[in-house]
Amino acid sequence: MTKGNPQEYVKQLKEEVNDIELSDHELDDDKHTELLSSIGVNVDVDKKHKNKQVRTEASRDVSVFSLLGASGDGTQKKVNLNQLLKGVKESANVNVLKKQLSRVNRPQRHLEAPLPKPVAERLQRKVEYQKTSEKLAKWDPVVQSHRKADHISFPLTQPPLYIKTVDKQLSRIGKKLTPLEEEIYALLRGNKCVERPDHDLTLQEEEILASVSLEEAQERRAELQKHRALMSYHESKSKRQKKIKSKKYHRMLRKRKMKEDATKEDDDEAEDAVKRAERMRAEERASLRHRTGSKWARSRAIMAKHDKDSKELLNEQLQKHRELVTKPLPDSVESDDGVDTNVNANGEDNLYSSENFEIASSNPWLRTNVENKNGKQIVENGGDPVGNKETASDNNEEHKMDSECENESNLDEPKQKLRKWLSSEDTDLDVSKHALDISSSDAMVKFKEAYDKLQHEISSEKKTAPDRAENVFQDLKEETIEEDKEMQDGLNEQCNNAEYDVTVRSQPLQILSRSSGESKSMKVDTDATKSFSSATKVSEQEAEFVAEEDLEMGSEARQQMTIEQAFADDDVVAEFAKSKREIVEEGKPKVVSLALPGWGEWGGVGINPSKRKRRRFRVKPVPMKPRLDQKLGHVIINEKRDVHIAKHQVNDIPFPYTNKEQFERTVAQPIGSTWNTQSAFNSFVKPKVDTVMGSIIPPMNSDEALGELKKASKWKEDRKKLKRKHEHKNKLEKLKMFL
Amino acid sequence: MKVKVLSRNPDDYVRETKRDIHRVFRNYDPALHPFEAPREYTRALNAVKLDRVFAKPFIASLDGHRDGVCCMCKSKQKLNSLFSGSCDGELRQWNLTNRHCIRAVQAHTGFVRGLSCSHDGRVVVSVGDDKTIKYWTTDALSEDRDKPINTIVAKSLYTGVDHHWSEATFATCGQTVDIWNDERSEPVRSYRWGTDSVNSVRFNPVEANLCISTISDRSIVLYDIRAAVPLNKVVLKMKSNVVAWNPMEAFVFTAANEDHNLYTFDMRNLNFAMNVHTDHADAVLDVDYAPTGKEFVSGSYDRSIRIFPSNRSRSRDVYHTKRMQRVFCVKWSSDNRYLLSGSDETNVRIWKARASEKLGTLTPREQTAARYNLKLREKFAYHPQIKRISRHRHVPKSIYNTLKEKRTMKEAQRKKTQNLRTHSKPGAVPHVAERAKHIVSNTDANEANE
């Protein structure tokens, strides 16, 4: 600012100096006044005195202006009356004067002229009417509810009905009672169990409640409840079980119980013993080592004629065989029915037990059977593209049928498999399979499936295993439709095989059971074959189904077709023409033959009236009048309308209804007692307004009508209060518990 | 071999006594009853026909008056007590149970203009053409039954009287509407709005301090007897004769008008009538609500009585007899069963409120059947045949012709307005609702104009 401009700088400096001088001057003034005040001269007064005009002499011509105080500089106000009065000395009249003056000084107020009477009344009326209208609004809810009510009973307030209690009666009578009455009264009065009018609980109940804490009581109650529930479960279960007629089921039940008992006694040893016995029995049944077939036995048999010892030995061996073969469990001895033994011989029983019980885990060939089935299912699902589209229920059904089939086909397999298992226990494959059983990875599962299939094929085709196993594994990986078909074929084949097997097996069975009764065994045989044939049918159907689905699968053309179909209806004109044609066709009279069979000729089943007769009794239709809409292309006139019926029909939808269906439904709903129960009927025919005969119906009473509304709200309040009270009580009780 | 036999407990199906009805077992499966609706329709048709067959509403006529019956009042405490006043100044008390006149007094010279019973049922107040108000005891057996308890000589003629529903207060009308206290001989308060004379006054049965009056200048005026001024008024095109309050809806009243119609108003909104009840062929002279508030009865100068549902514009029924002349007064009995009419030809008539209802107690079966029939008629009410039969009434030729004429006139009027509307500037002839058509003015509107 100051750099290149020295002149300006000088100027500024000068100005500053001036300022200081001015302030000095002011300072001087201040000092002056201070001085004056210290001397005792009032500066302000002095100034005022300076300005005021003071009258010094009395003269006639006093200026009004100077009196009013128009000072020279114009700052002074006008002289006030009060100021003038100040000068007047205190006297009795002064106060009165002051008052009068103040009244004069107040701003002036005056009453307005009253409104003309009609206007005032009009205003009053308006206010009154408004008030009354507002007051009347309290009736709205009552009136609305009455208008809407389906049923009202008049008079609105009917005298309440109540039962006279003994207490009230007695207190009212107050006369002397008979001894019996007194006794009863004393019993009723003094007893703790008597209900009290103003309490919910009796004295006794209250005492009990007080003696038991809440939580304890709840615990006990819960316990009792649980116990009761368990009892009822058990009861219902045993009832249900008792009702089951299946002998097999009961046998299983007994077996299970036995087993449970055995396990209870000494777990491991008993189990081992059972297992050992089972194995021994299986071996014996498979090998028939102790029967007469062996070389040694045959030689003994030759010798038996001559040698008693050898005969005994043979007998011993047979005895041993029998011992071994008989089931270790005692229930098999118990069973005395021919059918039962047959079923046992079929091996179904074994299967059943193996699926349900622990033996399954110890009997690998039985387990494989189950697994095999599962595996097959997986293969089917995997290989069948349609299978995924099918509904779950369908799937289930299919599998069910499948498994049934499997069950049946496996009936005689156990023995073969057992044999195989026993003979090839040490082969590599078997080892691997055992490993499989333990592991659960996917690859392993697949391999297992492959193996199972392989085994299956071995049993049916008698081919060598090792090199085919790999092929099957590969095939499974590919999972083509062809394979699926193959599977189906295999299934069929299997079923056929099973059928064959059963028929073959039924022969020895018959022989076996001849002693117990031929007819029963026959029955079993036929049943079995029947079931198999049905199973095969099912599998064939499946195959067909699959084929159909395959044909339909994945074609874009088909999709296009459906689109076309979806929009095919858009040709409204053609549609209308078609429907009209149909109606016309329908309305045309038809040829009727009135020929009755058996009139004038032989009649009966398979004999029709002769041609001549038919022709003779043919009634030709009378040509009808041309239709009203014959020449109208876009109109269909209903000529079927029956005026006689139309007379009874409603033309328009009546007021409260909005659509035809609604109205039709209410008309269709009968209200008579012929079609409704008595209670429903009573509610239907309840009249809208009900009156009591011979009673005056008073007009609505404000206390009662509005009181009802209040009562309803009060009831709610009371309930809330009660709830609060209850909660409070509970809290108190809990507190008591802690203390 | 055990043979299983169906066995039933005879208690289930054998009657205990001969009078019991046979118990019928039914299968209510709708599939087994394919013709429910048609069968019910037939039943409904039968029910409606039987209803018409048994429709005999007339019960009795009470004769004894020597001149036309011009006013009636029923006791508020007794069901069987009726008072009637005739044009020759006679006051009669009737026992409705045995239909006897139990007292006849020459109460006034000239007409007995109004009768009203007190809220406690002890006193009847009558006003007559002789400018007197007389108090009578209702006890027909007392010694001073022929003399009034009290007589008040008024300055002007009174045309009507009505008693407060809960206090010892009554209102009279004439030059003014006066509120009286039983103990005083001067009116406690009087209201006047306009110069014309007041025809009738009625207290509100629910909001007991409200009352309403009809005035010769075609207006209906509302009052609150606690206020110094009337509340409001509505002016109709023609004069209203009487007004009746709905005893169940505090703010609803119905006015019987000279233009053959009745108008129901909500007193809070006087711009519109809630409903216009048309069917009479001549001026409606009296109206009274049923104690249930669901219906009202009206008597007309056309010599007929009509019953209207309070929310419908058309009448439910019409009663007439050959001998019945102009009906001056009608009442609906307090038990909702009977109607009473007093007419010009000196008779008081008792009618059934529901024409085909059976009198006396019904057996439960009769009651059920009646209820069922009623419901059937309601259910199929929209079917043309049933509608036709239930609506069919025979009316005297005069009424029939007048109604026909009225219909024609109305149709012509409608057509005329329509033509006017089509040939004038849009909006120049506005549509006016029937409910507002007959209302000339409401005070609020007037004041707005002023």
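Two strands count as paired if DSSP finds at least two bridges between them. Helices (H or I, at least four residues) and strands (E, at least two) are themselves DSSP runs, numbered from the N terminus. With that in hand, chain B has an open sheet of 4 strands in the order 10-11-12-13, and the pairing is antiparallel. Strand 10 (160-163) and strand 13 (189-191) of chain B sit at the edges with a single partner strand each, so one side of each has no neighbour in the sheet. Neighbouring strands here are turned by 20° against each other on average, direction ignored; the axes behind that angle are lines fitted to C-alpha atoms, for helices over the stretch in contact, and angles run from 0 to 180 degrees between N-to-C directions.

A word on the ground rules: this is a predicted model, where local features need pLDDT of at least 70 and side-chain atom pairs count only at pLDDT 80 or more, while totals for chains, interfaces and linings use all residues. Residues are numbered from 1 along each chain as its sequence is written, chains are lettered from A and ligands numbered from 1 in the order in which they are written, and side-chain values use heavy atoms, with hydrogens and water left out.

**The two chains**

Buried means under 20% relative accessible area, exposed over 50%, and partly exposed in between (1.4 Å probe, protein chains only). A contact means heavy atoms within 4.5 Å.

| Chain | Property | Value |
|---|---|---|
| Chain A | secondary structure | 34 helices and 4 strands |
| Chain B | secondary structure | 7 helices and 29 strands |
| Chain A | buried residues | 21% of 739 residues |
| Chain B | buried residues | 51% of 450 residues |

On contacts in chain A with a separation of 6 or more, residues 24 or more positions apart account for 61%. For chain B, 48% of the contacts between residues at least 6 apart in sequence join residues at least 24 apart.

**Sheets in chain B**

Back to that sheet: strand 11 (residues 169-173) and strand 12 (residues 177-181) of chain B pair in the antiparallel sense over 5 bridges. B:Cys173 stands opposite B:Val177 in strand 12 of chain B.

Another open sheet in chain B takes 4 strands in the order 22-23-24-25, again with antiparallel pairing. Its edges are strand 22 (284-289) and strand 25 (317-319) of chain B, each with a single partner strand, so each has one side left without a neighbour in the sheet. Neighbouring strands in this sheet are turned by 20° against each other on average, direction ignored. Strand 22 of chain B pairs with strand 23 (residues 295-300) of chain B in the antiparallel sense over 5 bridges, and B:Val284 stands opposite B:Ser300 in strand 23.

**Cysteines**

A disulfide is a covalent bond between the sulfur atoms of two cysteines. Taking the cut-off as a pair of cysteine sulfur atoms within 2.5 Å, the count over all chains is 0 disulfides. B:Cys173 is in no disulfide either, with the nearest cysteine sulfur, that of B:Cys211, 9.7 Å away. Both residues count as buried: B:Cys70 has 18% relative accessibility and B:Cys173 has 0%.

**Helices**

Helix 3 (residues 364-379) of chain B has 16 residues and reaches 22 Å from its first C-alpha to its last, close to the 22 Å expected at 1.5 Å a residue (the expected span being 1.5 Å times one less than the number of residues). Its buried residues include B:Tyr372, B:Lys375, B:Leu376 and B:Lys379. They cover an arc of only 105° around the axis, which puts them on the same side of helix 3 of chain B; the arc is that of the directions from the helix axis to the C-beta atoms. What covers them? Among the elements are helix 32 (660-668) and helix 33 (678-684) of chain A, together with helix 2 (36-53) of chain B.

B:Ala47 belongs to helix 2 of chain B and is buried, at a relative accessible area of 5%. Beyond its neighbours within four places in sequence, B:Ala47 is in contact with B:Asn373 and B:Arg377. The C-alpha atoms of B:Ala47 and B:Lys375 are separated by 9.7 Å, although the two are 328 residues apart along the chain.

In chain A, helix 7 (residues 140-148) has A:Val142, A:Val143 and A:His146 buried. Those residues cover an arc of only 95° around the axis, which puts them on the same side of helix 7 of chain A.
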